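Please view the sequence and the model together while reading.

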Amino acid sequence: MAEMGSKGVTAGKIASNVQKKLTRAQEKVLQKLGKADETKDEQFEQCVQNFNKQLTEGTRLQKDLRTYLASVKAMHEASKKLSECLQEVYEPEWPGRDEANKIAENNDLLWMDYHQKLVDQALLTMDTYLGQFPDIKSRIAKRGRKLVDYDSARHHYESLQTAKKKDEAKIAKAEEELIKAQKVFEEMNVDLQEELPSLWNSRVGFYVNTFQSIAGLEENFHKEMSKLNQNLNDVLVSLEKQHGSNTFTVKAQPSDNVPEKGNKSPSPPPDGSPAATPEIRVNHEPEPASGASPGATIPKSPSQSSLPAVVVETFSATVNGAVEGSSGAGRLDLPPGFMFKVQAQHDYTATDTDELQLKAGDVVLVIPFQNPEEQDEGWLMGVKESDWNDHKELEKCRGVFPENFTERVQ
């Protein structure tokens with residue numbers, strides 16, 4: 001019996017919610033048609049506009065801050081590799097080897113400390129700042145619904161009062177519902193009227209503290225890094241003094257317009273003439289396979305001709321690996337390069353033309369970036385499943401979106 005009672009309560013609540021939605025929908029239609037007046041609050045609407053602007057700016061700042069952190073991490077890795085290279089070529093009998101190794105260790109620690117402090121003092125603060133927006137956004141939406149309920153109850157009460165044949169019992173009940181709806185709306189309205197201006201004003205202090213922290217951390221980092229670089233320079237000067245007779249001279253390389261003469265290096269430019277600039281060339285065109293046409297080569301990125309070989313090889317390996325290893329390659333029902341599906345857990349308002357607009361529940365088909373170097377930390381590339389099913393056109397439908405707004409479902 002208890003179970004039956006529980007089910008009855010649940011069914012009654014569902015029916016009540018359905019009735020509320022119908023009543024609100026009817027009220028909104030009447031308001032749009034001009035057959036019912038709508039309660040307006042211009043001051044509150046301005047607060048909502050400020051709120052949306054503040055949320056958009058904060059989301060963009062969070063995205064750019066994460067990009068900055070990803071760049072710091074990449075520079076750390078590059079600096080570490082460079083230090084490791086120096087340690088490998090620095091022979092044991094050369095003076096200053098221990099000092100050079102110690103400098104490399106301190107260099108690594110300094111990068112790690114800088115990155116961690118940026119996370120603690122900027123990114124986490126940024127996440128906390130943005131963490132208050134979803135709840136307030138939900139309450140603004142709820143206030144809007146309660147305002148419609150209030151207007152609907154008010155119009156119902158007024159219509160009963162102006163009816164030719166008055167029913168006092170119905171009028172009393174309508175008045176009771178009106179008072180209840182007004183109380184619920186006003187409680188929410190008062191709270192938001194106080195919170196929204198306060199939140200809007202808080203952005204100034206937040207921006208000041210955030211950028212002061214970043215500027216201070218960066219300034220200190222460069223000071224400490226400058227000391228390490230000076231120490232390394234001193235070590236290398238000492239090495240140069242001991243091996244001064246083995247000075248390395250940089251020679252100019254022949255250009256494409258000047259044919260090489262046997263195995264000889266070109267003569268240096270005459271006194272007073274500008275020195276030739278060494279030209280770095282990258283040639284990664286694969287040898288044609290047996291039986292293949294000599295002209296069948298893999299197209300190169302427009303920027304490959306100006307990149308070091310190791311960058312081009314890494315780029316090619318990453319792109320080829322992403323395309324060849326993708327689970328969606330060759331499947332007609334999924335976009336090329338499809339990797340996995342995610343579902344939006346929250347609404348996301350796009351702030352740039354290359355971003356996806358998401359609603360909670362949207363399913364997104366995740367695909368690789370055409371250029372992996374363009375991927376920002378915490379962002380994915382994809383196309384909404386509904387758009388893909390309708391159009392099958394990646395160029396028009398794909399875009400980036402924040403990974404933390406979604407959850408992987410497949």
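## Basis of the model

The model is predicted, with local features requiring pLDDT of at least 70, side-chain atom pairs counted only at pLDDT 80 or more, and totals for chains, interfaces and linings using all residues. Residues are numbered from 1 along each chain as its sequence is written, and side-chain values use heavy atoms, with hydrogens and water left out.

## Overall architecture

The protein chain contains 8 helices and 5 strands, taken as DSSP runs numbered from the N terminus (helices: H or I, at least four residues; strands: E, at least two). Read from the N terminus, the order of elements is α-α-α-α-α-α-β-β-β-α-α-β-β.

Of the 410 residues, 28% count as buried; buried means under 20% relative accessible area, exposed over 50%, and partly exposed in between (1.4 Å probe, protein chains only). The accessible surface comes to about 27600 Å², and carbon and sulfur atoms account for 53% of it (Shrake-Rupley method, 1.4 Å probe; for residues, only the protein chains shown count as cover). Among contacts (heavy atoms within 4.5 Å) between residues at least 6 apart in sequence, 69% join residues at least 24 apart.

## Helices α2 and α3

Helix α2 (residues 42-89) and helix α3 (residues 97-131) have axes that come within 10 Å and cross at roughly 170°. Axes are lines fitted to C-alpha atoms, for helices over the stretch in contact, and angles run from 0 to 180 degrees between N-to-C directions. The crossing angle therefore makes α2 roughly antiparallel to α3 (angles over 145 degrees).

Asn189 is found in helix α5 (residues 168-242) and counts as buried because its relative accessibility is 13%. Leaving aside residues up to four places away in sequence, Asn189 touches Asp41, Phe44 and Arg143. The side chains of Asn189 and Arg143 are joined by a polar contact of 2.7 Å (a pair of N or O atoms within 3.5 Å; within protein, one must be able to donate a hydrogen and the other to accept it, and residues adjacent in sequence count only if both atoms are side-chain atoms).

Pro197 is also found in helix α5 and is partly exposed, with a relative accessible area of 29%. Pro197 and Phe44 are 153 residues apart in sequence, with a C-alpha to C-alpha distance of 9.5 Å.

## Lys392

Lys392 lies in the loop between α7 (385-391) and α8 (394-397). Its phi is near 55°, a positive value in a residue other than glycine.

Key. Angles under 35 degrees count as roughly parallel, over 145 as roughly antiparallel, 65 to 115 as roughly perpendicular and the rest as oblique.
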